[in-house]
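Work through the exercises below with the coordinates open. Try each task before reading its solution.

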Amino acid sequence: MRRYFGRKLLIYGLTFFVAVTVNWMIPRFMPGDPVASMVARANVTKPEAVEAMRAYYTNLFGLDQPLWQQYLNFWGALLRGDFGVSIWLFPTPVSDVITTAVPYTLALIVPSVLLSWVVGNRFGAYAARRKLLDNTVLPVGYVLTAMPYMWLAVLLAWAFGVILGWFPVAGGYSFSMRPNWSWTFLLDLLHHWTLPFLSLFLVALGGWAIGMRNMIIYELESDYSNYLSALGAPSRLIRRYAFRNAVLPQITGLALQLGVLVAGALVTEIVFAYPGLGSLILKAIQNKDFFLLQGTFLFIVLGVLIANFIIDIVYVVVDPRTRAGMAGAQA
Amino acid sequence: MTVIQEVAPREPAGVRREALYFAARNGKLMTGFGIVAVLFLLGLLGPLLVGGAPNEYGPKPMTPPSGEHWFGTTTFGQDVFTQFVHGLRSTFAVGVIGGGIAAVIGMLVGFVAGYRGGIVDEILNMLTNVILVIPTLAVLLIINAYLGIRSVAVQGLFIGLTQWPWAARAIRAQTFSLRTREFVDLARMSGAGTGRIIAREIAPNMSSYLFMTFILLFGGSVLIASSLDFIGLGPTEGVSLGLMLQNANQWSALQLGLWWWFVPPGAAITAIVGALYVANVGLDEVFNPKLRET
C-alpha cells in the first residue's frame, strides 16, 4: 500500500512540476518580445495600469537574470501564494480573484459529479440485461454523452429560463441582491444554481449509465456469476456481487474523466454567466489578463490533482486487493 | 467506456469476409456510420453548392428559417445554413487531425512501452500518467491564449498533442497481452526487429481495437474543439460549429429567442459524436463474436 501511494504521489508531484514549468515556459518562449506584446495586447486604458503591468512583467520575468534564476524566482513566488496582480480587476491580486470564484465552481461541480456518478451507476446497473429499459437507457445515454456541455446548458436555459421563465438564466444570484447569509439570499442562490447543476448532471449521467451497463453485462457473464446462478442463488444477489465488481473500473473512470468534467463546468458557467472559474477564464481571455489565466490554470490543475488523490484513497478503501499489495489498480 | 476483449488471431481473408458480413447486418454500425456519412457529405459538398462567404453580413437580420434561408439568419443577417455547412467542415477537420495525431502518438507510445517493457515502459508509462492527469482543456486554454491559434489545423494539432495518453494506456495493456503469444515468439526467433514485430505481428492483430480507439479520439477532439471555440479561443479564421455557438451566446440569441442560431450547431456535434459512439458499439459486436446478438 505504501508503494501504491508512493507511486501515485510521485506522479502527482511530477504533474504539478510539469504544469508549473509549462506555465513558466509558454510566456517566455513565445515568439516575439513578451513584455511589449503583452502590454500592447492588454489594451488597458488606465495609464497607471499599463505602467504597473510593464514594471511587473519586467520585474517578474527578470529578463536580465539567467534563465535558471528566473525559473527559481517563479517557483518562489508561487510557493508564497503570489500569482501576480489581475489586470482586469487591477490592482486585486490574482489569488483573491480566484478565491472569490472557487466556491461557486465547487458548489456546481462537486454535487453534479457525485450525484451523476451515483445515479448513473444505479441506473446503468438496473438497466443491464433488462430488455425494455436497456433499449431506452442506452440510446438516451449515448445522446447525453455526445452532447457538448454548453449546448445542453443553452437548451435548458432556453426552455426553462426564456420560454417557461421558471429559472433565471444569468448570474449566481439576483443582481439586486448583495451576498449575505439570509434565507432569501440562499434560496436565490439555489434558484440560480439549479439549471447549471442540472445540465452538468445530465451530460455526465449518460456516460456513467452506459459504462456501468457494459460492466454489469461483462460481470454477469463471468464464471462466478454462472456458478452462483447454477447454485440457485437469487438473481438479486448475483447482481449485487456484479455491481460491487463493476463499480471498481467506474471509480478509475471517475478519475480519468475529471478533466472533461472540469471543462464541462467551465463552459456551463460561461453559458449561465455563473460567477465561477469559467466566467473568470472568459473575462481573463477577453481582457488579455494572462496572470489571471495562468493562476486559474494552476488552480484547476491543483484541484484535479487533489481530487485524483481522494479517489485513490477511496479506491484503497473499496478494493481490498490494493491494501494487500496485490494487483488491483494500476498506477 | 467500452470493454473490448482480445481477439484471437485468425486467417486474414476469412476474418475480413466474416467481419464484412456481420458489419453489413449490424444496425448500430450502419445507422451510426450512415449519420456521420450524411453530415460529412453535407460538410464536403454544402459549401460548394451554397456559395457565399459564411460570415458575410446580409440585409435581413434575425429572420426565422424559410425557403430562402433554410436555417434562418443571425443578428447580422448572416445565413446560418451557410455557416453550418462550413462549420461541419472544420469540425470534421479537427476530428481527423486531432484524433489522427493522438492515435499516432498513442500507438507509438503504447506499442513501444507494451512490447519493450522494463525501463522503457517505466519511463513512457510515467510520462503517460503525468499527461493523463493534467486537465486537457486547461492546458489548451493557456497554449491557445498565448499563441493565438488562427487555423483549424493548428487547433487540431494541439488537441492531438494533449489527447493521446488514455489511448497509449489502452494500447499498452493490449500489447502486453499479445507479446507473449507464440507467433510473436516465433517472429522474434526468426530475427525480426522490434519495429517489424510491432508492425507485422502485433498491430494487425489488434487493428479493430486501434480503429475503435481512433473513433473515440475523433469524438473527443470534436468535443474539446467545440469547448475551446465556445470559450473564445477558436480559430480566428473561418467558422466552426463551436464558434457559431459562441457567437449565438455572445450576441444573446437565447434572450432574443433566435433558436435557429444555436440549435443546429449543437445538434450536429451531438449527432456526429453520438453516431460515432453507437457505430463503435456496433464495431465491437462485429469484431467480438461474444457480444453479437443472437
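A salt bridge here is a side-chain nitrogen of Lys or Arg within 4 Å of a carboxyl oxygen of Asp or Glu. The model is predicted: local features need pLDDT of at least 70, side-chain atom pairs count only at pLDDT 80 or more, and totals for chains, interfaces and linings use all residues. Residues are numbered from 1 along each chain as its sequence is written, chains are lettered from A in the order in which they are written, and side-chain values use heavy atoms, without hydrogens and water.

**Exercise 1.** Find the salt bridge between chain B and chain A.

Solution. Step one: apply the rule across the interface; one salt bridge turns up. Step two: identify the partners, B:E122 and A:R7. Step three: check the distance; their closest N and O atoms are 3.7 Å apart.

**Exercise 2.** Which helix of chain B gives the most residues to the side that touches chain A?

Solution. Start with the suppliers of at least two residues each: α4, α5, α10, α11, α12 and α13 of chain B. Helices are DSSP runs of H or I, at least four residues, numbered from the N terminus. α13(B) leads with 12 residues.

**Exercise 3.** Size the interface of chain B and chain A.

Solution. First, count contacts (heavy atoms within 4.5 Å): 45 residues of chain B meet 55 of chain A. Next, take the buried area, the accessible area (1.4 Å probe) lost on being put together, summed over both parts. The two chains bury about 4,600 Å², with 78% on carbon and sulfur atoms.
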